[in-house]
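Visitor: I'm new to this one. Could you walk me through it, feature by feature?

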Amino acid sequence: MTADASPSGRVIRLAGAQLGPNQRADTRAEVVARMIALMDQAHAADATFIVYPELALTTFFPRWHLEDRAQGDQWFETVMPNPDVQPLFDRARALGMAMNFGYAEKTCEGRHFNTAILVDATGKIVGKYRKIHLPGHDAFDSERSFQHLEKYYFEPGNLGFPVFEAFGGNIGMCICNDRRWPETYRVMGLQGVELIVLGYNTPSVNSQKPEEGPDQRMFQHRLSLQAAAYQNATWVVAVAKAGSEDGHHMIGGSVIVNPEGEIVAETQTEGDEVMLHDIDLDACAFGKSTIFNFARHRRPEHYRLITETTGAIQPSQALRDKLVEK
Ligand code: CDT
């Protein structure tokens with residue numbers, strides 16, 4: 001789906017590059033070749049910024065429990081770019097294409113993160129984000145119909161939710177499950193974010209609730225993104241890795257959401273597919289200066305619980321007294 005070009009001066013022609021499934025046996029070289037093919041399509045359509053999914057280079061490996069955790073390092077990158085990924089960087093630079101993609105990162109200190117990077121049109125990494133909201137569990141769980149071991153393979157990100165001045169605007173990143181948490185977007189909203197890019201791998205069934213299937217998952221996916229875009233007056237671009245990886249199905253439904261919360265582009269398949277839109281960054285200004293003018297309307301003195309507590313606490317008179325402004 002393509003939308004009309006905007007008359008504004010700060011317009012990015014953006015391509016969301018949904019990936020179909022990466023099987024466990026697929027090599028990095030095979031996946032990178034598909035990513036390059038999508039980049040070529042995006043370039044032919046005049047896009048200058050391409051967004052790929054979470055853990056784009058591999059299968060969604062947290063579904064696989066390896067007794068020996070260290071064996072999981074086969075799915076991690078220790079250097080970026082590395083020889084497997086260099087062809088993608090080379091093609092991006094040759095085409096003058098900026099990009100964002102996710103990968104499993106192992107640092108030189110041996111720490112493991114679920115990471116996304118922002119790369120400018122010269123091939124320079126200008127931004128990095130490490131996933132903060134890690135869903136799932138940290139040990140094999142026989143009660144689930146399949147595993148989701150992000151807490152086993154990764155530690156929570158340590159870079160906060162940074163916003164980068166890039167491509168003429170304020171650009172932020174988050175990853176998959178982060179998109180379900182309002183805090184993710186508001187912290188970036190408070191840095192004036194105008195475009196949030198994210199990738200996801202979302203199983204189409206809840207492993208703990210079989211009646212929660214693809215329709216409900218798609219509804220909650222869109223609900224989260226559309227609410228966040230509207231409430232922070234920002235563009236949000238969400239790109240799936242979709243389809244069936246070794247028999248494990250994931251939803252598609254990659255979307256571009258405008259600052260009014262409306263979906264303006266959406267993929268139609270569960271395979272490799274490019275969606276396009278002209279992202280007018282100036283379209284954020286109205287919401288940011290009116291109903292969501294944070295400086296004018298926010299009341300952080302009443303939001304203390306958000307940073308002072310993690311889990312919900314029981315209401316009590318003592319708590320109510322504590323929350324009253326004195
Ligand atoms: N990759 C990822 O974060 N997926 C989660 C699955 C949630 S169920 C454990 C998501 O929020 O889509």
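Guide: Happy to. Helices and strands here are DSSP runs, numbered from the N terminus, and a strand needs at least two residues. Keep in mind that this is a predicted model.

Visitor: Then where is isoleucine 117 placed?

Guide: Isoleucine 117 sits in strand β4, which spans residues 112-119.

Visitor: Is isoleucine 117 buried or exposed?

Guide: The general idea is a cut-off: buried means under 20% relative accessible area, and exposed means over 50%. Isoleucine 117 has a relative accessible area of 0%, so it is buried.

Visitor: What about a helix? Where does histidine 221 lie?

Guide: Histidine 221 belongs to helix α5, residues 214-232. With 0% relative accessibility, histidine 221 counts as buried too. Its side chain makes a polar contact of 3.1 Å with the side chain of arginine 179.

Visitor: Now the loops. Which residues have a positive phi although they are not glycine?

Guide: Aspartate 46 is one of them, with phi about 75°, and leucine 55 is another, at about 45°. Aspartate 46 is in the loop between α1 (28-44) and β2, while leucine 55 is in the loop between β2 and α2.

Visitor: Are those two buried or exposed?

Guide: Apply the cut-off again. Aspartate 46 has 57% relative accessibility, so it counts as exposed. Leucine 55 has 0%, so it counts as buried.

Visitor: Which residues does the cis peptide bond join?

Guide: Methionine 80 and proline 81, with omega about -5°. Proline 81 lies in the loop between β2 (49-51) and α2 (86-95).

Visitor: And the ligand? How many residues surround it?

Guide: There are 13, and the closest are Lys131, Cys176, Asn177, Arg180 and Thr202. Sorted by class, that shell holds four nonpolar, four polar and five charged residues. The space the ligand takes is the second largest pocket.

Visitor: Which polar atoms lie by the ligand's oxygen and nitrogen atoms?

Guide: Let's take them one at a time. A side-chain N or O atom of arginine 180 is 2.7 Å from a ligand oxygen. Glutamate 150 has a polar side-chain atom 3.2 Å from an oxygen atom of the ligand. Asparagine 201 uses its backbone: a polar atom there is 3.1 Å from a ligand nitrogen. On its own the ligand has 360 Å² of accessible area, and the protein covers 89% of that.

Technical notes:
Residues numbered from 1 in each chain as written. Predicted model: local features only at pLDDT ≥ 70, side-chain atom pairs only at ≥ 80, totals over all residues. Heavy atoms only, no water. Near = heavy atom within 4 Å. Polar contact = N/O pair within 3.5 Å; in protein donor to acceptor, adjacent residues only side chain to side chain. Areas by Shrake-Rupley, 256 points an atom, 1.4 Å probe, with all protein chains shown as cover. 1 Å grid on protein atoms, 1.4 Å probe; cavity = no way out; pocket = protein on both sides within 12 Å on 5 of 7 lines; lining within 4 Å. Sits in = over half its atoms within 2 Å of the grid points. Nonpolar A, V, L, I, M, F, W, Y, C, P; charged D, E, K, R; others polar. Helix = DSSP H or I, 4+ residues; strand = E, 2+ residues; numbered from the N terminus. Buried < 20%, exposed > 50% of the residue type's maximum accessible area, 1.4 Å probe, protein only.
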